[in-house]
Amino acid sequence: MKPNITTIPITELFTDTDGCPICRMHRMLEEQYVEYITGAAMMAPDVRVKTNRVGFCHRHFSMMVNNGPRLSNALLLQTHIDELRKKVFPKKNTDLPDKKMLASIRENDRTCYVCDRIEHDILHLLATVYVQYGSDPEFRKQYQNQDFICLDHYALVMGNANKKAMNKSTFKEFCEVTNKLSKGYMDTLYDDVTHFASMFDYRNQGGDYKNSKDAIERSVRFLTSYPVDENLK
């Protein structure tokens, strides 16, 4: 399949085999949107209207603060806070907030402009993955050689798998490979975690940990799509 502007980023993402390729896809989109939000989007009224309304999750607020200009973050927060304070508090301090106002606070805690954009765009990138798997033998090899597909992204890939993007036998192969990449890795994690736990038995003192020393960290990464955050204490 001849590379084009749509397929090149996908090919690059699957060139690496460490970890989950969809996690890399997700991270690429995160970085692009965080840079966009604190950069070019500052002058885009339609984007500011949306960010004022839905805000950002803790993860993406953190990325914006850590990577974006201080002024951009301040201006985003200024208009977002202004909209929130008008929406979630009663006009008089002596009044009780109604249920709708309180629900808005809870809703704001669960909404994020960057998450919404990623959820939308990642489906378009996956559509390209299905097409490439169906038409490009080299890409099929790349896909098959991946380390694993994490549990959450396994559900995303299989839940949106497009039979029309490949012939029947190739689609069957795609499902088989994807299942192996997730369940096969999960089986390995189970064995490694079990072995790691067994090493705390006095009868195994001085034994070989084999590949189990980082089994806990690898399991968290597989189950949550994110590595263990060593900054959280």
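**Group meeting: a helix crossing, a pocket and a cavity**

Okay, let's start with a crossing: helix α7 goes past α8 in a left-handed sense. Before I go on, keep in mind that this is a predicted model.

So, that helix pair. α7 covers residues 113–135 and α8 covers 137–144. Their axes sit 6 Å apart, and the packing angle comes out at about 115°. Who's touching whom? On the α7 side you've got V129, Q132, Y133, G134 and S135. Across from them, α8 puts in P137, F139, R140, Y143 and Q144. If you sort the residues of that contact by class, you get five nonpolar, four polar and one charged.

How big is the volume of the largest pocket? About 830 Å³. There are 28 residues lining it, and the ones closest to the centre are H26, E30, R59, S225 and Y226. As for which elements build that lining, α2 (21–37), α4 (58–67), α7 and α9 (151–159) are the ones that give two or more residues.

Next, the cavity. The structure has one cavity of 30 Å³ or more, and the volume of the largest cavity is about 30 Å³. Lining the largest cavity are T51, N52, F56, F61, L76, L77 and H80. Two helices, α3 (45–54) and α5 (70–88), each bring at least two residues to that lining. Which of the elements gives the most? That's α5, with three residues. By class, the cavity lining is four nonpolar and three polar, with no charged residues.

Last stop, salt bridges. Searching the whole structure turns up 12 of them. Let me show you one, the pair E176 and K180, where the closest N and O atoms are 3.5 Å apart. Where do these two sit? Both are in helix α10, which runs over residues 168–198. They're four residues apart in that helix, so about one turn.

To recap, then: a left-handed crossing of α7 and α8, a largest pocket of about 830 Å³, a largest cavity of about 30 Å³, and 12 salt bridges in the whole structure. That's me done, so over to you.

Methods. Residues numbered from 1 in each chain as written. Predicted model: local features only at pLDDT ≥ 70, side-chain atom pairs only at ≥ 80, totals over all residues. Heavy atoms only, no water. Axes fitted to C-alpha atoms, helices over the stretch in contact; angles between N-to-C directions. Left-handed = near helix turned anticlockwise from the far one by under 90°. Contact = heavy atoms within 4.5 Å. Nonpolar A, V, L, I, M, F, W, Y, C, P; charged D, E, K, R; others polar. 1 Å grid on protein atoms, 1.4 Å probe; cavity = no way out; pocket = protein on both sides within 12 Å on 5 of 7 lines; lining within 4 Å. Points joined across faces, edges and corners; volume = space filled by probe spheres on them. Salt bridge = Lys/Arg side-chain N within 4 Å of Asp/Glu carboxyl O.
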